[in-house]
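Colleague: I am new to this structure and would like to know what stands behind the terms used for it. Please take me through them.

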Amino acid sequence: MSVTIDTRTIGAGDDALVESAWELKERIRRAEGVLKQRRDFFTDAYRRARVYALVEPGYDDEQLVGFAATRRDGYILFLAVDPNYRDRGFGSQLVAAVADDHSSVTCHARTTNEPALDFYRSLGFEIERRIDDYYEDHGDAYYLRLGENESLTTKLSRFMPGT
């Protein structure tokens, strides 16, 4: 099945899609036990971030397929892809969009979230350090950085459409 997905960049201060992003994040949290944040923390961080959104247009409305919310320095605050759209390269496309706009890309991931860690490793992220009690629930995290052995654009170009 062919799916048309539009890419949008939402600037800081714009809360377009914040409710859809919260709902997607919460569906993933309930199903997978990850992406645990308080609503006020999430919405405040989302509104301060640049958001890269993947949207499937619909007849009456649109569906948020995935998003990456980033700080000005290329740090990924949140990355989520709807489970029904996984394994199609959308997560990689989001990271590539972030890398295209930043000289460095970093993030945190739970030490117990093997699917996320495998995903980031597959893109060339490297663990820089472990941080105990990083999360509010006292979960531990790894601080990850996209490897700098080659340019980010070169490293991620295989995930960008048309390259």
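Modeller: This is a predicted model. Let us start with the second largest pocket, whose lining has four nonpolar, two polar and four charged residues.

Colleague: What makes a residue part of the lining of the second largest pocket?

Modeller: A lining residue has an atom within 4 Å of a point of the pocket. For the second largest pocket, the residues that line it are A12, A45, R48, A49, R50, T70, R71, R72, L77 and H102. About 190 Å³ of space lies in this pocket.

Colleague: How much space lies in the largest pocket, and which residues are the closest to its centre?

Modeller: The largest pocket holds about 1,100 Å³ of space. Its lining counts 37 residues, and L35, L79, H108, N113 and Y120 are the closest to the centre. By class, 22 of the lining residues are nonpolar, six are polar and nine are charged.

Colleague: Which elements supply the lining of the largest pocket?

Modeller: At least two residues each come from helix 1 (18–32), helix 2 (39–48), strand 4, helix 3, strand 5 and helix 4. Strand 4 gives the largest share, seven residues.

Colleague: What makes a set of residues a nonpolar core?

Modeller: The residues must be buried, of nonpolar kinds such as Leu, Phe and Tyr, and joined through side-chain atoms within 4.5 Å. The largest such set here has 26 residues, and Y120, F125 and L144 have the most contacts inside it. Two or more residues come from each of strand 2 (50–57), strand 3 (62–70), strand 4 (75–81), helix 3 (90–101), strand 5 (106–110), helix 4 (114–123) and strand 7 (141–146). Helix 3 gives the largest share, six residues. Apart from this core lies another, of 21 residues, including L24, L35, Y46 and A49.

Colleague: Which residues does L144 touch?

Modeller: Leaving out residues up to four places away in sequence, L144 touches V105, T106, C107, A109, L117, Y120, F125, E126 and I127. Contact here means heavy atoms within 4.5 Å.

Colleague: Why are the buried residues of helix 4 said to line one face of the helix?

Modeller: Buried means under 20% relative accessible area, and in helix 4 the buried residues are A116, L117, Y120 and L123. Seen down the helix axis, they fall within an arc of 125 degrees, so they line one face. In an α-helix there are 3.6 residues a turn, so residues three or four places apart point the same way.

Colleague: What follows helix 4?

Modeller: G124 does, and its phi is positive, near 105 degrees.

Note on methods: Residues numbered from 1 in each chain as written. Predicted model: local features only at pLDDT ≥ 70, side-chain atom pairs only at ≥ 80, totals over all residues. Heavy atoms only, no water. Buried < 20%, exposed > 50% of the residue type's maximum accessible area, 1.4 Å probe, protein only. Helix = DSSP H or I, 4+ residues; strand = E, 2+ residues; numbered from the N terminus. Arc of directions from axis to C-beta. 1 Å grid on protein atoms, 1.4 Å probe; cavity = no way out; pocket = protein on both sides within 12 Å on 5 of 7 lines; lining within 4 Å. Points joined across faces, edges and corners; volume = space filled by probe spheres on them. Nonpolar A, V, L, I, M, F, W, Y, C, P; charged D, E, K, R; others polar.
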